Amino acid sequence: MNTLDSIARIRARRPRIAVLGDFLLDRWWHGTVDRVAREAPAPVVELAGARDLPGGAANTARNLAALGADVLAFGAIGADEPGDRLREGLRDAHVDVSALQCVDGARTTTKARVSVADHVLLRLDDTQREPWPARVRHRLVAELREAVTQCDALVICDYGAALLDDAMIAELAELPRAALLIIDAHDPARWSALRPDVITPNAGETERLLGRPLGAGEARVGAAIDAGEALRSRSGARSVVVTLDRTGTVLLTDGARPHRTRAHAAPEQQASGAGDVFVSALAVARAADCELSAAVDLAQLAADIAVERTGTCRCSLDELELRATAAPDPQISVAELARRLDAHRNAGARIVFTNGCFDVLHRGHTASLKQARRLGDVLVVALNSDDSARRVKGPGRPVNGIRDRANVLSELSCVDYVTVFDDETACATIRELRPDVYAKGGDYTPEMLEEAAEMRRMGGEVVILDYVPDHSTTELIDRLRTTAEA
């Protein structure tokens, strides 16, 4: 069974999945630093934007919904402003929150990250540490008793917070068995009495379960395979998927050969929750009756897609299908790109668009492209064709042909799509693609750009990026020619 077969089965089945666990709110604040505070040797961050996103078990729930499942959320949060934002985010993701309890006097756990220039500078955690009232646990268990008999799967997300204590686990062990039980837990051994179908420990959790290190690099894979029987015995699980970050994963099932996946190499991003994406994709595929090895393959692809972005990780079924059918040619026609962007837009993505010749790529370009990417979820770069570049830049340009320029840009991790236009402006392309944001380098003003006026007519946003001095393609080419003539 290949990835497209798995996706087709998920669409046809649309499994119903319950999620129990630690629900929290992720807050992402980003800005710039230009000075140090007077009262202390600390950087002053000028905030440029902020986003609130479901995190923890809530991120697993929203990913399950994006991947084609009907999702029911079971957990407890505070009756406070972060809790309101969390419920709103889950509703927007089409998650049923009727069983997500809002508890007076409790707080919703939040994790706020402050980032500058692609790096997380600081994380602020506000955690609910007090035990939840027994009535909260009893109500959750009672509601789950009915739900598990009507769902295709139950996913438990245990991040070591106060809700899923030993008393809660003991009560859950008395419930009717779910058709499929998948547990993602910091300490899988605590859940052995529930005899889960699948657990998904990372390297650190696997080492704690075994009581010994796995080693480093590829050696960890062999060590995990050798420890398969011990991992299943100590966790009570039928199957174990050990996730090893950039090394990939290994599936260990009694009586079957180990199944290996390899992660697609990607640069470090300010992202979190890749494990939630992996578990979500694994669960939805398995609940749709995909083979376990095929479900793990799908989960690896979903995680690869998710970590290419900043923020709390998310991947949709449409994005999986787009990646599985992606053509190797980096140039995408405007018509094809419009179809793909519709899929991203339907999945809740914010589309950013920029354009230019990008003839000789330099640091000014890459700085602007990285900044543009941070304005949304998908970055589209529209390139002037060779004829268009010649009309705009004059004789002798472009130095590099369209195929070379498109290939170089497509290799940048911040660029999601490259397309080509033949006019002197990108207005027609903007009208067809309907981006949310138009971004342009700091050597322009909105009044200089016909594309800016077009975006405003469409109700979109125009952002002028930071100016990077002393980095101009024309100046670079002139220096090269001067050096060659000297």
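Trainee: Which strands does helix α3 (residues 81-92) lie across, and at about what angle does it run to β2?

Mentor: Helix α3 lies across β2, β3 and β7, and its direction makes about 110° with β2. The angle is taken between N-to-C directions of axes fitted to C-alpha atoms, for helices over the stretch in contact, on a scale from 0 to 180 degrees; contact means heavy atoms within 4.5 Å. Helices (H or I, at least four residues) and strands (E, at least two) are DSSP runs numbered from the N terminus. The model is predicted, so local features need pLDDT of at least 70 and side-chain atom pairs count only at pLDDT 80 or more, whereas totals for chains, interfaces and linings use all residues. Residues are numbered from 1 along each chain as its sequence is written, and side-chain values use heavy atoms, without hydrogens and water.

Trainee: Why are β3 (43-56) and β8 (119-126) called edge strands?

Mentor: The open sheet has four strands in the order β3-β2-β7-β8, with mixed pairing. β3 and β8 each pair on one side only. Neighbouring strands of this sheet are turned by 20° against each other on average, direction ignored.

Trainee: Why is strand β19 (residues 417-421) described as largely enclosed?

Mentor: Four of its five residues are buried, so the rest of the structure largely encloses β19. Buried means under 20% relative accessible area, exposed over 50%, and partly exposed in between (1.4 Å probe, protein chains only). β19 pairs in the parallel sense with β18 (residues 378-384) over five bridges, and N384 stands opposite F421 in β19.

Trainee: What makes a group of residues a nonpolar core, and how many residues has the largest one?

Mentor: A nonpolar core is a set of buried Ala, Val, Leu, Ile, Met, Phe, Trp, Tyr and Cys residues joined through side-chain atoms within 4.5 Å. The largest has 55 residues, and F23, L90, V95, L282 and L320 have the most contacts inside it. Helix α10 (residues 292-306) gives the most to this core, with ten residues. Leaving aside neighbours within four places in sequence, F23 is in contact with residues including F74, I77, L86 and L90.

Trainee: Why is the meeting of D52 and R85 called a salt bridge?

Mentor: A salt bridge requires a side-chain nitrogen of Lys or Arg within 4 Å of a carboxyl oxygen of Asp or Glu. D52 and R85 meet at 3.3 Å, N to O, so the pair qualifies. D52 lies in strand β3 and R85 in helix α3, so the pair ties together parts that are 33 residues apart in sequence.

Notes. Pairing = 2+ DSSP bridges.
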